[in-house]
Amino acid sequence: MYKFASRALHVLQPEDAHVLTIRLLKAGLGPVSSLDTPELAVSVPFDGGTLRFRNCIGLAAGFDKNADAPLAMLKAGFGFVECGTVTPLAQAGNPKPRLFRLTEDQAVINRMGFNNEGLDVFAEHMERHLPKRGKGVIGLNIGANKDATDRMADYVTGLKRLWGLGDYFTVNISSPNTPGLRALQGKSYLDDLLGQIAETRAALKAATGRNMPVFLKIAPDLTPAEIADTVEPTLKHGLDGLIVSNTTLSRDGLTSRFRDEAGGMSGAPLFELSTTALRIAREASGGKLTLIGAGGVDSGARAYAKIRAGASLVQLYSAMVYHGPGLADAIRRDLVVRLKADGFRSVTEAVGTGL
Ligand SMILES: Cc1cc2nc3c(=O)[nH]c(=O)nc-3n(C[C@H](O)[C@H](O)[C@H](O)COP(=O)(O)O)c2cc1C
């Protein structure tokens, strides 16, 4: 049935198809998985608790920017869903068209520009979802408004407004579609930003008696030295890990007619670049940070490669555009077979074994 629906959706403009998909999911028309994969469960300890993922395959940020339907994607078989990026104030994003399918390349280019309904709407949605999420984990991905005079303050605002309304935070400083945002990845900015985040987190923990893990999401276009420069302040300020990676500005190897559109590129051609960045982050952090591998995952083989390169958890988005939400189960099934074939009893045993 999905194949039929997928063909119908691909007749639409990509963004119209996306809006319709979210509507269908909200209406309860998504697939329901009954697959149980205990081998893929992952526990991430953090200061003040343990985050338990029933499986290691997650839906990456950007699919559900306003936290409209995370429960539907958990039902479809994802172990976790990251909602956002949400900015303090609602914003329209860039003019359309701003989302392109590069079918021949199995890639996507987007220059959405953080279109979202803002923190208040997002928080209201999360208040409704949270009690019903069961064993699914929901991440909250926060960003800065394009017109903010103090971008760092926007992250602090996001942390405060959404504290306790999800299971972890992601600080997204790696979108290429908000001019200047990626500059926050620079060494001195990042030290300052993560210092402010750590301070806010400590104050919120003291006030509420509850802590939340915080991850930093980085670009795949950093040099090895720049990746090390993101690892250092992440460790120094006691953040929990990195998501490697966001979309790339590279256009290497693309053949589709949309290849010269501006924006971030994701999907199959991002796999090598983002996996190399992941490996570098693992080496630079010496296993002291939890790493989430994202970029071009479209199969069990590619999810396994991320895990062997150091990822404890994996995320995907673009491949779902081409394969539908049933992909989460297909990947999980294949991953279990691969782990068994290599003699691993659980996915955690395999983390970093390819280095
Ligand atoms: C249309 C689209 C919108 C995205 N929006 C966001 C976003 O708002 N915040 C974010 O952190 N990442 C965003 N991403 C990046 C994805 O979360 C992911 O890091 C990237 O696409 C690589 O994974 P993939 O190759 O499986 O898509 C977006 C990606 C796409 C394709």
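Predicted model: local features only at pLDDT ≥ 70, side-chain atom pairs only at ≥ 80, totals over all residues.
Residues are numbered from 1 along each chain as its sequence is written, and side-chain values use heavy atoms, with hydrogens and water left out. Local features need pLDDT of at least 70 and side-chain atom pairs count only at pLDDT 80 or more, while totals for chains, interfaces and linings use all residues.

Me: Which residues come nearest to the ligand?
Reply: A residue is near a molecule if one of its heavy atoms lies within 4 Å of it. There are 23 residues around the ligand. Those that come nearest are Ala-61, Thr-85, Lys-217, Gly-296 and Ser-318.

Me: Which residue has a polar side-chain atom 3.0 Å from an oxygen atom of the ligand?
Reply: A polar contact is a pair of N or O atoms within 3.5 Å. A backbone N or O atom of Ala-61 lies 2.7 Å from an oxygen atom of the ligand, and a polar backbone atom of Gly-267 is 2.9 Å from a ligand oxygen. The side chain with its polar atom at 3.0 Å belongs to Asn-141.

Me: How much of the accessible area of the ligand does the protein cover?
Reply: Accessible areas come from the Shrake-Rupley method with a 1.4 Å probe. On its own, the ligand has 600 Å² of such area.

Me: Which elements give two or more residues to the shell around the ligand?
Reply: Elements are DSSP runs numbered from the N terminus: helices (H or I) have at least four residues and strands (E) at least two. The elements that give two or more residues to this shell are β4 (80-86), β6 (107-110) and β11 (264-267).

Me: Why is α6 described as roughly parallel to α7?
Reply: Axes are lines fitted to C-alpha atoms over the stretch in contact, and angles run from 0 to 180 degrees between N-to-C directions. The axes of α6 (residues 187-208) and α7 (residues 224-236) come within 9 Å and cross at roughly 20°. Angles under 35 degrees count as roughly parallel, and therefore α6 and α7 are roughly parallel.

Me: What is the phi of Ala-67?
Reply: Most residues other than glycine have a negative phi. Ala-67 lies in the loop between β3 (57-59) and α3 (70-75). Its phi is positive, near 55°.

Note on methods. Polar contact = N/O pair within 3.5 Å; in protein donor to acceptor, adjacent residues only side chain to side chain. Parallel < 35°, antiparallel > 145°, perpendicular 65-115°, else oblique.
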